[in-house]
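Hello,

I am passing this structure on to you. Please look through it first; my notes follow below.

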Amino acid sequence: MREQRDVVVIGGGQAGLAMSSVLQQRGREHVVLERRRIGERWRTERWDSLRFQFPNWTLQLPGYSFRGSDPGRFAHYSEILRVVEDYAVSTQAPVREHSEVLALTGRGAGEGFEVTLAEGSIHAQRVVIATGPFQRPRIPQLARDLPPSVLQIDPTRYRSPEALPAGAVLMVGSGASGCQIADELLHAGRRVYLSVSRHRRAPRRFRGRDVYWWLEALGRFAQTIDTFPDRQYPPSTVVTGVNGGYDVNVRQLAADGVTVIGRVIGASGRNLAVQANANQVLDEADQAYTGFLSAARQFISTNGIEEWLEQEEAEEPIHLPAVEEVDSLNLAREGITTIIWATGYAYDFDWVKIPVFDNRGRPIQQRGVTPVPGLYFLGLHWMHTFKSGLLSGVGADAEFLAGHMARGSDR
């Protein structure tokens, strides 16, 4: 007899567990399917030194908040894994590990869904897809034109400087992962090249408050994806939690010895074609930094926080020397033996056999609710707001979806 379920949650990370907790609180029957182990990406797709980008006090899930003695510390990724594992135990989430979903199909209007597993199938009235905000590393096609003698990896496979072959390293992409890894490689004594991509800078702390606090206070976390043209969210804000947390500035990396170049746009053998746009990218990052400081100062003035107005903190110089632009890079001449592609992530929904994606492969949804009755998404990057993909924000979206189910508006 085919297994019947009210709700099937696909994914056993923080999003799936948050959804499970909320469903349990509402007394709604469900099961969570995890293709490997609980919190798998925290186990296997993190480099050795990685720390959570926001302070411990931001670690929140439905029914859980950080209660330790070090709220301002930045947890190592292994500690985040323990939080996720302990949360699964404390909530008694009905998780089935090693249960990969091979296909999700619709059964017709009002008939629910067929969830196909290797060992059988489940008939579900409702399905929540919670497989993570960053699913499959996006590697440009030009990578295929490079010689096999050059090691090519992405941040999910990078572990440490020592694990790479001898020689210089080209980091492609200057988002959070790219900047942090480039910085680590530099401090390990490696020769580093960094091909920049659009990003935003912000101070790790300002007037004694972490950037997360400021983003909340300034309303940045309340801004929804619908406020951006064509629902295209802005570039990532680059921060780090390593060594207690500090500002990340690509211009400073250049001053410290990293060779900063523009976007890699082509490859032929060991020669890379490079767009001469590095300084344009860094100028935009600087503008984001000054805009942040201006908004923060206006907030202090508007709210009359006199003790903050009186503080005089040494603030990072905005303008460092421009980098030297190049239009090509020869890997052999520069001794580059490794390329790390930190060029973002793509969705991995080939197993979803339901027409619920746009022409770019993005889920068609409004705060996780799709046009297909009973089908939901949870935990995507910028699904509703920036916090949708964070531990601190996934619970609110889970509550919204559970409320939508309760109203019967998914039928």
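Which residues have the most contacts inside the largest nonpolar core? They are Leu104, Val115, Val127 and Leu378, in a core of 99 residues. A nonpolar core here is a set of buried Ala, Val, Leu, Ile, Met, Phe, Trp, Tyr and Cys residues joined through side-chain atoms within 4.5 Å, and buried means under 20% relative accessible area with a 1.4 Å probe, protein chains only. Helix H7 (residues 278-302) gives this core its largest share, nine residues. A second, separate core has 18 residues, including Ala168 and Leu170.

On the source: this is a predicted model, where local features need pLDDT of at least 70, side-chain atom pairs count only at pLDDT 80 or more, and totals for chains, interfaces and linings use all residues. Residues are numbered from 1 along each chain as its sequence is written, and side-chain values use heavy atoms, with hydrogens and water left out.

Five strands form an open, parallel sheet in the order S10-S21-S11-S12-S17. Helices (H or I, at least four residues) and strands (E, at least two) are DSSP runs, numbered from the N terminus; two strands pair if DSSP finds at least two bridges between them. Strands S10 (151-153) and S17 (259-261) are at the edges with a single partner strand each, so one side of each lacks a neighbour in the sheet.

Ser174 sits in the loop between strand S11 (168-172) and helix H4 (176-187). Ser174 is buried, at 0% relative accessible area. Its side chain makes a polar contact of 3.1 Å with that of His199 (N or O atoms within 3.5 Å, one able to donate a hydrogen and the other to accept it; residues adjacent in sequence count only if both atoms are side-chain atoms).

Regards

Note on methods: Buried < 20%, exposed > 50% of the residue type's maximum accessible area, 1.4 Å probe, protein only.
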